[in-house]
Amino acid sequence: MELLEVKNLRKSFGDLQVLKDISMNVGEGQVVSILGPSGSGKSTLLRCISMLETADGGSIVYCGKTGFTEKDGTAVYADKAELKEIKSYFSLVFQNFNLFPHYSVIKNITDAPIHVMKRSKDEVMKEAEVLLKKMGLADKGNYYPYQLSGGQQQRVAIARALAMKPKMLFFDEPTSALDPELTAEILKVLKELAAEKMTMLIVTHEIDFARSVSDHVVFMDGGVIVEQGKPQDVIDNPSNDRTRAFLKKLEQ
Amino acid sequence: MKNIFMRIAAAGLAAAAALTMLTACTAGSEEEERTTFSVGFDAEFPPYGYQDENGEYVGFDLSLAEEVCKRRGWELKKQPIDWNSKDMELKTGAIDCIWNGFTINGRENDYTWSTPYVDNSQVAIVRKDSGITELSDLSGKTVAVQTDSSALAAFEGDDATDENRALAESFKELQQVGDYNSAFLNLQSGAVDAVCMDIGVANYEIAARGDEFIMLDERISSEEYGVGFLRGNTELRDEVQETLIEMLDDGTFASIAEEWGLSDSVCLSADDTVTDTAKKEDVSFGKKLANISGRLVKGVGASLAIFLLTLIFSLPLGLLVAFGRMSKFKPLSALVKLYISIVRGTPLMLQLLVVFFGPNFLFGINTSASYRFYAVIIGFTLNYAAYFAEIYRSGIQAVPKGQYEACQILGYSKSQQFFRIVFPQMIKNIIPAIANEVITLVKDTSLAFAISYTEMFTLAKQVAASEATIMPLFIAGVFYYVFNFIVAFIMERIEKKLSYFR
Ligand SMILES: Nc1ncnc2c1ncn2[C@@H]1O[C@H](COP(=O)(O)OP(=O)(O)OP(=O)(O)O)[C@@H](O)[C@H]1O
Ligand SMILES: [Mg+2]
C-alpha cells in the first residue's frame, strides 16, 4: 500500500521554477532516499510534502487521503479538519534539529503529545522514557538542548517526531550539521528504524547509507527527477549522465 | 562590581558639591566694582516680568530695574528663574536680587528688602458661570494657587490668619500649580473651581483672557511687594533703594507704573525707611533631615504608584501594540506604526499635557480634579506601551524561523505556538532592553510635574523652595538611586532565572 503518492508536483519561487513535474511514491514500510546536487530542489520537495510550503500544482495523497489536487492550474488544499488529520500522519526531522531551547529533553518530547494530541500525561511520559532509552539518552531527560552534542540533539528531535506516532517520517539531511562520528550515531538510529519497518523519506548525501538501507532511490537535478529505482540500479548502475557525474563527484 | 559603582557615584556627588562651592566663592568675591546687576524673575508673571510676543523679557519690574541700572551705570542682566529655585539662585550669587512682584509679607526675615513699592492683595478668580460670589462659597471646592506663592502663604503660611486657614480647610483640595497658564487651563476645563493670586496679576489675566472669568470682591489678604536681596546684602539694597527714591522724586517711577497699568497699586514712599529684622535661627541638621524626609514620604507613594500602574498597564498593552504592528492587515499595522512613531518622536512631557488638557480643548469636556492622576497614568501607559511594543517586536523577530516550522510540524495551534514556544524565548531575548526601559521609567515618573501631579520630585522641589536648601533634592536623588538599584537587582534576578536555557 502506498502511504505517499506525489503526482506532477510543481513549485516556483517567483520566476524560479524549483520543482517541475515531480511524481514519486512511498510504500508502507519502505525507506526512500532522495539524492541530488545542491539547489536541485530536494528540500523544497520535502517541504511541499510536509506542507511547510504551498505547492503551485499537482497533487499529493497521504495514506489514501488527498492533501491537495490541481484545479484550474492551481493547487487546491483539503479543508482544515482534513489537513489536521493528514498532518498527523507524518512528521519531519530538520537538518538543524529545531528543538525548543527553553524545554528540557523530556518536555521537548512530551509537550506536543500532551497539549496537541491531548493524551494523558502519565502515558506520554512512560512512552517518552522508552523512546529516550531507545535513542541511548536514558539519562539525559532533564538536560536542556544546549547541554547536548549535535548528535544527541538530533536523536532527541527524532524521539520528538516519533512521540507523535506518525505513519511516516521525513528527514531533510539529518546528518549534514554533524561531525562524522556523530553522523554514524544518527545513521545507526535510522537503520534501527528501518529494521522496524518505519516508513521513511530521507534527503541525504550519505551514498553508502542510501545504498544499504533504501528500498527505493530518487535522483533529482534541476527540479526534476532524473531517475529513480532500486539502489543497485540508480547508485551502482546509473543510466543517466547527470547521475553518473554526481556520483563521481561524491566519490572524490 | 557594585562597590565600584557606589564609589563612582560618591565621587561624582563630591565633585558636584565642590563645583557648587567654587561657583559660590567666585560670586561672592566680585562685590567690589559692580558693573552688572542681574535680576532674577519668573518669566511667567505678567505684568511684572514676562516674555512679550517678540520673545523679549519685559514688565513693570524689569522696566524699573532697567531705569535703576541706567542711572547707576550698571549693565542689567535679566535672568528668568524657576520660582522654586529662587533662593538657591540668590545664595550662589547667580542673581543679585529677586524683583518680580515679590511679596514681603511672611518673608520679612528671609531677605534684605527694599521698601514696598506695590501694594497688592490676594484675590480669587472663578468662572463667571460658577455661581461662586464670595469666599465662603469656595467651601468644598478645588482651589489652585501657584507653588510657593503669596496666595498659598495666605492660606497655609506661618503667618496665615486663622480665618484664611479655616477657609483653606473647607476646600475640597488646595492644589499647587507651577504657573498661572496651567492654572487657568485647569480653571477653564473645570479641573479647579478657583484660582487665587495677586490682584495685579488677576487684573491682567482677566483683561487678557476675556470675560469668561470674574474676580471675587472679597479679598483674601493684602500684601506688599519689594525688591528682595540676599539676607545681609544691605550695601546693594541701599544703592537700589536710593535710586528708586530718586526716580520717585522726579516722576519717572509714576510714569513707568502708568505705562504698565499699575498706577492703582504702587505705594513707594520716600518716608518709609528700610529695616532689617533678618536674623538666623539654627535648627539641628538631624531635625531638619527628619522634617524634610517626612515631608517627602507622601511623594514616594505617588511616584511608586505611577511606576507600578504604568508597568501593570503598559507591559500587556505593549504586546497588543506589537501584534498590531506586525499584523498582516495593512491599515492596522500602518496606524500602529504611526502611533509608535508619534510617541517616540515627541517628549513625554508634551504627551502628558495633551492627555490632560486635550479632552477640554478638543471636545470641551470639563475634566474633574481626579482626572489629573488618570491623565498621568494614561499618558505614561500610552508612552511606555509604544516603547515596549518595539522591544517585543524585536524579541519576537529574533526567534528563529525553525521554531515556527517545528511547531507547525508538531501541530501546535497559533496561540499554543505563541504562548508555549515563542513567548518564553522572546522574554529571554528582551530582558536587557526591558530593564533599560524600566529604569528610565523610574526617573521619568518625575515628569508628572508637567501637569502638576505632586510626585516625589515635585515635592522635593517645593520643599527645597520653602526650606531654601538643596537637601530635599539630594534626598530625592538618593531615593531614585535606591529605587533603581532595587529595580536593577530584580531585573538581574529575572535574567539569571532565565539563564537555564540558551
Ligand atoms: N523560500 C525560497 N525563496 C526563494 N527561493 C528559494 C526558496 N527556497 C529555496 N529556494 C531556491 O530553490 C532552489 C532549490 O532549493 P532547495 O533548498 O530545495 O535545494 P536543495 O536540493 O535542498 O539543496 P541543498 O542540497 O543545498 O540543501 C534553490 O535555487 C534555492 O535558492
Ligand atoms: Mg536542502
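Modeller: Start with patches. A patch is made of residues with over 30% relative accessible area and no salt bridge; like charges are joined within 9 Å, and nonpolar side chains (Val, Leu, Ile, Met, Phe, Trp, Tyr) within 5 Å. Lys and Arg count as positive, Asp and Glu as negative; His and the chain ends are not counted. The place of a charge is NZ of Lys, CZ of Arg, CG of Asp or CD of Glu. This is a predicted model: local features need pLDDT of at least 70, side-chain atom pairs count only at pLDDT 80 or more, and totals for chains, interfaces and linings use all residues. Residues are numbered from 1 along each chain as its sequence is written, chains are lettered from A and ligands numbered from 1 in the order in which they are written, and side-chain values use heavy atoms, with hydrogens and water left out.

Biologist: Which residues gather in a patch of positive charge on the surface?

Modeller: A:Lys80, A:Lys84, A:Lys118, B:Lys328 and B:Lys414 do. B:Lys328 sits in the loop between helix H10 (285-326) and helix H11 (330-345) of chain B. Helices (H or I, at least four residues) and strands (E, at least two) are DSSP runs, numbered from the N terminus.

Biologist: Is B:Lys328 buried or exposed?

Modeller: Buried means under 20% relative accessible area, exposed over 50%, partly exposed in between (1.4 Å probe, protein chains only). The areas come from the Shrake-Rupley method. B:Lys328 has 83%, so B:Lys328 is exposed. A:Ile114, in helix H3 (residues 105-115) of chain A, is buried at 16%.

Biologist: What is A:Ile114 in contact with, leaving aside its neighbours within four places in sequence?

Modeller: Contact means heavy atoms within 4.5 Å. A:Ile114 is in contact with A:Arg119, A:Lys121 and A:Val124, those neighbours left aside.

Biologist: Which parts does the salt bridge of B:Glu242 with B:Arg72 tie together?

Modeller: Their closest N and O atoms are 3.4 Å apart. B:Glu242 lies in helix H8 (residues 234-249) and B:Arg72 in helix H2, both of chain B, so the pair ties together parts 170 residues apart in sequence.

Note on methods
Accessible areas come from the Shrake-Rupley method with a 1.4 Å probe; for residues, only the protein chains shown count as cover. A salt bridge is a side-chain nitrogen of Lys or Arg within 4 Å of a carboxyl oxygen of Asp or Glu.
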